[in-house]
Amino acid sequence: MRKLVALALLAPAMALGLPIGQALHRPVPPEANAQLPAALQNVEVEEKLGSKLPLEVRFTTQDGRAVRLGELLGRHRPVVLSLVYFDCPMLCGLILTGVARGMRETGLTLGKDFDAVTLSFDPRDSTRSAAERQRGYLQAFGDPTAKQAWTFLTGADPEIKAVTEAVGFKYAWDERSKQFAHAAAIFVLTPDGRVSRYLYGVEFPARDLRLALVEASEGRVGTSFDRLLLTCFRYDPASRKYEPYVLGVVRIARSRASG
């Protein structure tokens, strides 16, 4: 499996040289990884494309309602999943801001073409915090009324770990800084709750996110032009972006010439 180690410095920990979270686009060299505290050496994303999320696990929504994960992933639409914690001093806010901007700029309709789920991986996070974050990021998204389409969840540690392990999201608590070390990544899921695509960083270009959603939906989202684009673009695991696919372009050119 391709692995992405996601480590960097946050301002409160710079003096100690403690890595806490910006996703890198290449593996950390073994000699550098060996210098990290033992608890942080396995912080990474281990890609598990096709992995099925545990639909039976239960969480609490921002409204205090108990919900089974499968209820949020069984709406016949792809889902943008983000894993954060609500007291994160920097990285999680950047991720969610990037998600809101990327989703807004796709041109697709949240709640009609796709849904979004944000799960806190800190079991200490409260429903109140989830409601506050949802309210803020729905405003950033540009539709404060879309509460049912972008759900913010909290839960207990066993249920949280069932989800993070399913998508290969490995994080660790650092006692010195009282913060989590974790990756900057989001996950695009199929309507039945399988991992379709990983997108990394804190900015999610509209084209990449739109194509990932079209892929995850098996063609039920987007336009015929989007599906045409998928013959011209392929997700490149090295760059972690959708890059031009030469054979696809040639194939289209030939079909137009013969027509």
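The mean pLDDT of this predicted chain is 79, and 71% of its residues reach 70 or more. The largest nonpolar core holds 62 residues.

**Confidence**

- Over residues 1–27 the pLDDT stays under 50, and the model has 82 contacts beyond four places in sequence for this stretch.
- Residues 246–259 also have a pLDDT below 50, with eight contacts in the model beyond near neighbours in sequence.
- Where pLDDT is low, the predicted coordinates should not be read in detail.

- Strands of a sheet pair through backbone hydrogen bonds, either parallel or antiparallel.
- Strand 5 (residues 79–84) runs parallel to strand 6 (residues 115–120), and six bridges join the two.
- In this part of the sheet, Val 84 stands opposite Ser 120 of strand 6.
- Strand 5 is also joined to strand 11, here by four bridges and in the antiparallel sense.
- Val 80 has Val 188 in strand 11 as its bridge partner.

**Strand 11 and its surroundings**

- Strand 11 pairs with strand 12 in the antiparallel sense over five bridges, and Ile 186 stands opposite Leu 199 in strand 12.
- These two strands form a hairpin with five residues between them.
- Gly 193, in the turn of the hairpin, has a positive phi of about 90°.
- In a regular strand the side chains alternate between the two faces of the sheet.
- On one side of strand 11, Ala 185, Phe 187 and Leu 189 are buried, and on the other Ile 186 and Val 188 are buried.
- That leaves strand 11 mostly covered, with five of its five residues buried.

**The nonpolar core**

- In soluble globular proteins, nonpolar side chains tend to be buried together.
- Within the largest core, Leu 53 and Trp 150 touch the most other members.
- Helix 3 (residues 91–105) gives this core its largest share, seven residues.
- Leaving aside residues up to four places away in sequence, Leu 53 touches several residues, among them Leu 81, Leu 189, Gly 193 and Val 195.

Terms used: Residues numbered from 1 in each chain as written. Predicted model: local features only at pLDDT ≥ 70, side-chain atom pairs only at ≥ 80, totals over all residues. Heavy atoms only, no water. pLDDT = per-residue confidence, 0-100. Contact = heavy atoms within 4.5 Å. Pairing = 2+ DSSP bridges. Core = buried A, V, L, I, M, F, W, Y, C linked by side-chain atoms within 4.5 Å. Buried < 20%, exposed > 50% of the residue type's maximum accessible area, 1.4 Å probe, protein only.
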